[in-house]
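Here are some friendly notes to read alongside the structure. Take the points in order, and keep the picture open as you go.

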Amino acid sequence: GECERAIWLSWRWAMRPEFSGRLLRLFSRGHREEDWLVEDMKRAGLEVLERDPSNGKQWWWADHSLGDHFSGSADGAAKDLPGVPGWALLEFKTSNTKGFKRLQKSGVKSAKPTHYGQMQVYMGWSGLRQAVYITINKDDDSLHVEHVPYDEREFQRLSERARRIVMSPEPPAKVSSTNAVPPCCFCDAQSLCFENQVADVN
């Protein structure tokens, strides 16, 4: 996320996001699409591991030096995808046509920096040095498939950012002086930041 203050507040349970029924259905659809993609890839003869063979669970990693507070799980790993020799991390997403076109035009690093950072962290933890990002257009079922190489500097930057947020005893600075503009106007922490309600939540 763009705002470290919002991440800090959310992580410390100072506020909880509210999701509409529509958003919950969208999340559920995203999970179903992941299963369908894996099955399609397997039917095409590709070797896909959607679960960690060492424990039979979803791929999961964490920064143990931070008490596992900085952690995440990937959608799978695949071997020798077309044009991508060797093992690669898999990350599946869904998008509407507007977001899909941005991806096609600019790539995931520019169009979806949060997804890009997510993959960099998982690659840094897992030892995999490439990822394949697959997005389904929910409006017409077309696919955007992108090869994403590992960036050690980005991994280190994000790891240091996580450490700063986890270890900070005080909320980071606001990204704006008003809640009338993005990202603050969409944030669940508005009342905490702009009504002087940030209390000690340690």
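1. Let's begin at Trp13, which comes after helix α1. In this predicted model, the phi angle of Trp13 is positive, near 60 degrees. Find this residue on screen, then step back along the chain into the helix.

2. Helix α1 covers residues 4–11. Which of its residues are buried? They are Glu4, Arg5, Ala6, Trp8 and Leu9. As background, an α-helix has 3.6 residues a turn, so residues three or four places apart point the same way. With that in mind, look at how Glu4, Arg5, Ala6, Trp8 and Leu9, the buried residues of α1, are placed along the helix.

3. What do these buried residues pack against? Their partners are α6, residues 152–167, and α7, residues 190–194.

4. Now zoom out to the whole chain. The protein contains seven helices and nine strands. If we take contacts between residues at least 6 apart in sequence, 62% of them join residues at least 24 apart.

5. How does the overall size compare with that of a compact globule? For 202 residues, such a globule would have a radius of gyration near 17 Å, and the protein's 18 Å agrees with this. Along the principal axes, the C-alpha atoms fill a box of roughly 55 × 40 × 30 Å.

6. Finally, the surface and the charges. Of the 202 residues, 40% count as buried. The accessible surface is about 12,000 Å², with 51% belonging to carbon and sulfur atoms. There are 27 positive and 28 negative side chains, and the centres of these two sets lie 4 Å apart.

How values were computed
Residues numbered from 1 in each chain as written. Predicted model: local features only at pLDDT ≥ 70, side-chain atom pairs only at ≥ 80, totals over all residues. Heavy atoms only, no water. Helix = DSSP H or I, 4+ residues; strand = E, 2+ residues; numbered from the N terminus. Rg over C-alpha atoms; globule rule 2.2 N^0.38 Å. Buried < 20%, exposed > 50% of the residue type's maximum accessible area, 1.4 Å probe, protein only. Contact = heavy atoms within 4.5 Å. Areas by Shrake-Rupley, 256 points an atom, 1.4 Å probe, with all protein chains shown as cover. Lys, Arg positive; Asp, Glu negative; His and termini not counted. Charge placed at Lys NZ, Arg CZ, Asp CG, Glu CD.
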